[in-house]
Amino acid sequence: MKIVIINYGAGNIQSIMFAIERLGYKAVLSNNPDEIKAADKVIFPGVGEASCAMKMLQESGLDTLIPRLKQPVFGICLGMQLMCNFSEEGNTNGLGIFDVDVMKFTPKVKVPQMGWNQIYNLKSDLFKGIAENEYMYLVHSFYAPLCAETIATTNYELEYSSALENDNFYGAQFHPEKSGDIGEQILANFLKL
Amino acid sequence: MLTKRIIPCLDIKNGRTVKGVNFIDLRDAGDPVELAKIYSDEGADELVFLDISATEERRKTLIDLVRKVAATINIPFTVGGGISSVSDVEALLQNGADKVSINTSAVKNPQLINDLAQKFGSQCVVVAIDAKQINGKWMVHLVGGKMPTELNLFDWAKEVEQRGAGEILFTSMDHDGTKNGFANEALATLSEIVNIPIIASGGAGNMQHFVDTFVEGKSDAALAASVFHFKEIEIKTLKKELKNNNIEVRI
């Protein structure tokens with residue numbers, strides 16, 4: 001199986017590489033369109049600021065490539081947010097894969113949300129064998145509201161989408177690669193899709 | 001609900017764990033990677049690696065160690081000690097660290113906080129603040145607490161938040177090593193005046209101290225070293241105790 005992690009200059013890529021290795025697979029880093037298109041599974045990571053990350057995607061032409069991919073694609077954290085229509089962070093237009101706009105938590109809660117929180121109302125093969133209310137590690141200041149594509153819910157200030165799915169596209173707000181053994185199981189589930 | 005976090009801190013010197021540890025099942029008690037794995041398996045929510053000699057000796061934190069830890073454990077970890085530039089941080093993050101903690105270098109060059117937050121995102125910038133009370137005022141100290149400054153803890157905390165820090169790790173030097181509990185009054189004030197997570201550090205001696213810092217101190221996370229290293233408190237037991245006190249934890 002060929003796993004490609006999209007390398008566009010944003011993200012803690014090494015942690016995902018290591019997690020995939022712990023699961024017994026190998027991944028390659030790439031920003032090459034042909035290599036990404038030929039992959040069996042594509043992981044789209046990202047940490048940092050949305051408008052900067054989007055600019056980097058545009059500069060490499062990946063903004064048009066990613067929405068056209070046919071194989072399973074997994075956006076993580078900012079990667080997931082960039083797959084949405086729009087983000088309030090830097091008023092950034094996203095890739096439009098998930099039909100939802102990303103908003104900012106209000107100062108009623110500490111921002112960023114940092115730490116372990118539960119995922120529930122799980123609705124996808126991504127969560128095969130995963131119990132309701134398991135804890136995942138999250139670090140984020142912006143969130144995708146609940147929508148038709150929500151496949152996992154988390155509550156912080158309000159209930160929001162901690163994972164999304166649309167056809168072959170999957171997104172997680174949490175970091176499966178940093179969420180202990182259960183997180184690794186979710187990553188393994190994606191690789192088996 | 002978002003849980004309170006329990007964070008063991010490992011002091012590192014020359015790539016080895018410094019403080020004596022009391023894990024009988026360890027082949028090599030000085031191996032930070034093996035210790036990290038044990039803590040991760042016991043239910044630690046995060047780990048902090050502090051290169052304690054780094055600031056004084058101006059030595060760079062060990063990249064090799066970061067890589068080995070990141071390859072082995074599947075929970076987040078922070079690296080601190082001797083970090084003074086964007087390129088230092090880049091190397092640590094590229095090798096698998098999730099966050100970095102800066103202390104002395106942030107006071108000497110506050111712009112570093114802005115630069116790091118802009119380049120890597122606030123989520124990976126922890127500002128560590130060591131402070132003690134002088135004439136009733138909490139004053140920031142540097143170089144492992146040896147050098148006093150004119151900075152007031154609360155003013156500095158607000159400034160680091162405004163500059164883009166994602167989290168504050170506050171160590172009370174008045175409480176550190178006493179095992180008499182955390183500086184809950186100051187911690188509660190910090191939680192009121194800033195809107196980023198606060199990690200309590202210094203003073204952990206028993207399980208009730210953790211309960212107190214989460215309830216009275218309003219801390220988001222609690223960090224400790226020796227009570228975990230010497231097995232005076234086991235993380236699994238501590239989390240059960242917290243849960244019994246209606247504190248949300250990941251078990």
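Modeller: Happy to! Helices (H or I, at least four residues) and strands (E, at least two) are DSSP runs, numbered from the N terminus, and the expected span of a helix is 1.5 Å times one less than its number of residues. This is a predicted model, where local features need pLDDT of at least 70 and side-chain atom pairs count only at pLDDT 80 or more, while totals for chains, interfaces and linings use all residues. Residues are numbered from 1 along each chain as its sequence is written, and chains are lettered from A and ligands numbered from 1 in the order in which they are written.

Let's look at helix H6 of chain A, residues 180-191. Its 12 residues should span 16 Å, and the end C-alpha atoms are 17 Å apart, which agrees. Which residues of H6(A) are buried (20 or more other C-beta atoms within 10 Å of their own, with C-beta atoms placed from the backbone; exposed means 12 or fewer, partly exposed in between)? They are Gly180(A), Gly183(A), Ile186(A), Leu187(A) and Phe190(A). These cover an arc (of the directions from the helix axis to the C-beta atoms) of only 95 degrees, which puts them on the same side of H6(A). An α-helix has 3.6 residues a turn, so residues three or four places apart point the same way.

The buried residues of H6(A) pack against helix H1 (13-22) and strands E3 (41-44), E4 (73-76), E9 (134-140) and E13 (169-172) of chain A. Contact here means C-beta atoms, placed from the backbone, within 7 Å.

How values were computed:
Two residues are in contact if their C-beta atoms, placed from the backbone, lie within 7 Å.
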